[in-house]
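Hi,

Here is the structure I promised to pass on. Have a look, and my notes follow below.

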Amino acid sequence: MLPAAAWQRVLQQLPRHHGTDASLDAPTVATLQTWLVANAASGQRAAAGPGQPPEDRITRSAWFVREHGEIAAAVWQRPSVKSPSNCAACHRAAEQGDFRERNIRIPR
């Protein structure tokens, strides 16, 4: 969901990943970088300019906002959800990479 340059910035800033220390050992970072760069967004989705998500946040990308636009702001504040970055709160099979709508359950 991010272009290769954004993923590289994210990996370089893991000790300060949105207020959390997400540091990983060098071999793990290298493996992740290889995969993320190879599978990064390209074309229009990765075009420079206004299409770039602010602060390299997927949750602030135009795609994410369009896909989740019907979610009321109050839902993101629920203790069971906490924030848009907590995919597994609603996408029950997120850990398996499954984000199909039939597997969505928005907690109360």
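Predicted model: local features only at pLDDT ≥ 70, side-chain atom pairs only at ≥ 80, totals over all residues.

Let me start with histidine 91, which sits in the segment after α4 (73–77); helices here are DSSP runs of H or I, at least four residues, numbered from the N terminus. Histidine 91 is buried at 12% relative accessible area (buried is under 20%, exposed over 50%, partly exposed in between, with a 1.4 Å probe and protein chains only). Leaving out residues up to four places away in sequence, histidine 91 touches His68, Phe99, Asn103 and Ile104 (contact: heavy atoms within 4.5 Å).

Numbering runs from 1 along each chain as its sequence is written, and side-chain values use heavy atoms, without hydrogens or water.

Now the aromatics: the whole structure has two aromatic pairs (Phe, Tyr or six-membered Trp rings with centres within 6.5 Å; planes under 30 degrees apart are stacked, over 60 edge-to-face, the rest tilted). Tryptophan 63 and phenylalanine 64 are edge-to-face, because their planes are at 65 degrees, with centres 6.3 Å apart. Phenylalanine 64 also pairs with tryptophan 76, tilted, at 6.2 Å and 35 degrees. That pair links helix α3 (residues 62–68) to helix α4, 12 residues apart. Phenylalanine 64 is buried at 7% and tryptophan 76 is buried at 16%, whereas tryptophan 63 is partly exposed at 27%.

Cheers

Definitions and conventions
Helix = DSSP H or I, 4+ residues; strand = E, 2+ residues; numbered from the N terminus.
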